[in-house]
2 protein chains.
Amino acid sequence: MKKNEIEIIEEIRKRFSFPKSLGIGIGDDSAFLKFKKPALLTTDLMIENVHFDLNYFSFYHLGFKIVSVNVSDIYAMGGKFLAFLLSLGIPQSISEEQLNDLFDGIREALKYYKGHLIGGDISKSEKVILSGFAIGECDKPLLRIGAEVGDNIFITAPIGLSSAGLSLLRGFTEGEKRQIKETRDLSKLRQLDEKFGFSVRRLIQRHLMPTARDPHKFKKIAKAMMDISDGLLIDLYRLCEENGVGAEIYLERIPILTAVLKAAEYTNSDPWRFILSGGEDYELLVISKDERAEDLGLIPIGRIIEKKGIYLNDPEKGIIPVKPEGWLHF
Amino acid sequence: MKKNEIEIIEEIRKRFSFPKSLGIGIGDDSAFLKFKKPALLTTDLMIENVHFDLNYFSFYHLGFKIVSVNVSDIYAMGGKFLAFLLSLGIPQSISEEQLNDLFDGIREALKYYKGHLIGGDISKSEKVILSGFAIGECDKPLLRIGAEVGDNIFITAPIGLSSAGLSLLRGFTEGEKRQIKETRDLSKLRQLDEKFGFSVRRLIQRHLMPTARDPHKFKKIAKAMMDISDGLLIDLYRLCEENGVGAEIYLERIPILTAVLKAAEYTNSDPWRFILSGGEDYELLVISKDERAEDLGLIPIGRIIEKKGIYLNDPEKGIIPVKPEGWLHF
């Protein structure tokens, strides 16, 4: 890249304006922000070859995703997203176009979530590193704590799409990967659907460019909530541990997308692995006892029980205790 | 490391408590914090082999430093530091002891700055990555903007120590490096001073375990402020650019520590390079016109001028324009 650090930061400042009424954004030692309510603060990290592979990830999609995964943690508390900071590590070999793509993706996501980039740090690095920091606000946060025996467990949409998408992406030809990287709006990849005979683009879109689930419609009926980032079983296990309870999942009640089944068949995988342990769908896990839950679009998949641990209720095999597997780094 | 991710996070939660009156700390999707004043938000990144070398950096010192470099950005706005989040990338080969050292260093720094760890993310990574987020508050921030022609330029203490220390560290024997890594309190390394004949420990302490400069004593007389993280010339240049002005530095007025001169001699370096372009001292650059500045401990080193650019006033050579050099990643 020909630009020096001062020029890069100047470029970023031009691209991301911040209304003066809200405070001070990029360009000083810290950002300055006036909250109307108490603040929500979270951070999420994405590292090349750990969380993503540049063979199929474009910088545009990366930029969008690092915002989404952070916003998801704000939404999981029932909060409103306000602002974003990014610590960025990039190899010196990165091109100006790639860097612009990254910031275009971030800008697109911030437009979608109605938030602002207000600061960051930039460093050279062997591998690409994206460390996001999201800021939100809410009067009263929805915690993981709050689930009681007898409560129902809901998810906000079918899951397993992201890991099914990842599984497909890994097996794609170089030509297919290049095509995906060159397409900002992945819904345009109709040819891929035609080629495979099922909605491939929906799966890879969920992996490459997920959107966080805004809970404003149903948060009033939630007793506890968290996002499903590492996998349904592991995240539900964490929520249950926090409450000293267990959970029973009705396998029959979990909706399965045909595309997920087809992707499992195509990649010779178990579709239940995608759904139960896949992670990265950024849907929400909602605990509620309210009768309006289903009318508000929530999907019931189980209930909170007294006995600790996670149990699958399988119509054929009965009730089976499961090891909560998912994405663990260590 | 034998611990899994859930166990590591459990360990961290135990170590870092957060008073309930302030909000909710580690353990949920986001932290929840009640501000009394508008917020200051900043992020700073440290990457292995870019910002530090594990041959002479202990995990304890790293933990302390990642907090300091972030707090410095809060102080540079005239703010009060409140809380910290950390995104952490670590190789799977890291030992439990090293991880404990890292969190001990973070805890020590948070005790020093009177703040709390309220969240974070952890991931495996080839190299060690520390991405910190600091949160502070202040009624009215002190910006880089505010300097006017005729204002005086101050620093808060002698500088150049950190890069002189780095220069020494790089040339140390394996035995010396090991000794430094094994010593948490670097002021105890009296033998090193005796061996070299000057205050080596003060220089390496500034590099390995710097402390941010709290501006509360003098911020009332400051018109503009920023921290000196990348080097005096480059940081002053940035401040001047922001204000559309230039700066003249009186070389004679800049205090030079004997230890910095000796380190320059020992490593065959130019001491002015350490002082003017070294960076990482985390002192503050203060612009003021107030007569009380020196009584409040500030060191005058120059003045703001109309002509853009940075000029050194050298008693022997006269006024020389300089290229603002310092730590730039690109």
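The conversation below goes through this predicted model step by step.

Colleague: Let's begin with the two copies; by what turn can chain A be laid on chain B?

Modeller: Happy to start there! Two copies of a chain are related by a rotation about an axis and a shift along it. Here the shift along the axis is 0.0 Å and the RMSD is 0.0 Å. The copies are thus related as by a two-fold rotation axis, and the turn is 180 degrees.

Colleague: Which residue of chain A has the C-alpha nearest the axis?

Modeller: The C-alpha in question lies 3.4 Å from the axis. The residue it belongs to is Ser131(A).

Colleague: And where the chains touch, which strand gives the most to the side of chain A?

Modeller: In total, 57 residues of chain A are in contact with 57 residues of chain B. On the side of chain A, 28 are nonpolar, 16 polar and 13 charged. With eight residues, the strand that gives the most is S3 (residues 39–47) of chain A.

Colleague: Now inside chain A: how are H4(A) and H7(A) placed to each other?

Modeller: Helix H4 (residues 161–171) and helix H7 (residues 200–208) of chain A have their axes 7 Å apart, at an angle of about 105 degrees. Angles of 65 to 115 degrees count as roughly perpendicular. Therefore H4(A) and H7(A) are roughly perpendicular to each other.

Colleague: By class, which residues make up the contact of H4(A) with H7(A)?

Modeller: H4(A) brings residues including Leu161(A), Ala164(A) and Leu168(A), while H7(A) brings, among them, Val200(A), Leu203(A) and Arg206(A). By class, the contact has eight nonpolar, three polar and two charged residues.

Colleague: Which are the edge strands of the open sheet?

Modeller: Seven strands of chain A make this sheet, in the order S8-S10-S7-S11-S9-S12-S13, with mixed pairing. From one strand to the next, the twist averages 25 degrees. An edge strand pairs on one side only, and the two that do so are S8 (224–228) and S13 (318–322) of chain A.

Colleague: Last one: at about what angle does H8 run to S8(A)?

Modeller: Helix H8 (residues 232–243) of chain A lies across S8, S9, S10, S12 and S13 of that chain. Its angle to S8(A) is about 150 degrees.

Definitions and conventions
Residues are numbered from 1 along each chain as its sequence is written. Chains are lettered from A and ligands numbered from 1 in the order in which they are written. This is a predicted model: local features need pLDDT of at least 70, side-chain atom pairs count only at pLDDT 80 or more; totals for chains, interfaces and linings use all residues. Axes are lines fitted to C-alpha atoms, for helices over the stretch in contact, and angles run from 0 to 180 degrees between N-to-C directions. Helices (H or I, at least four residues) and strands (E, at least two) are DSSP runs, numbered from the N terminus. Angles under 35 degrees count as roughly parallel, over 145 as roughly antiparallel, 65 to 115 as roughly perpendicular and the rest as oblique. Two residues are in contact if their C-beta atoms, placed from the backbone, lie within 7 Å. Ala, Val, Leu, Ile, Met, Phe, Trp, Tyr, Cys and Pro count as nonpolar, Asp, Glu, Lys and Arg as charged, and the others, Gly among them, as polar. Two strands pair if DSSP finds at least two bridges between them. Copies are superposed by least squares on the C-alpha atoms of residues with pLDDT of at least 70 in both.
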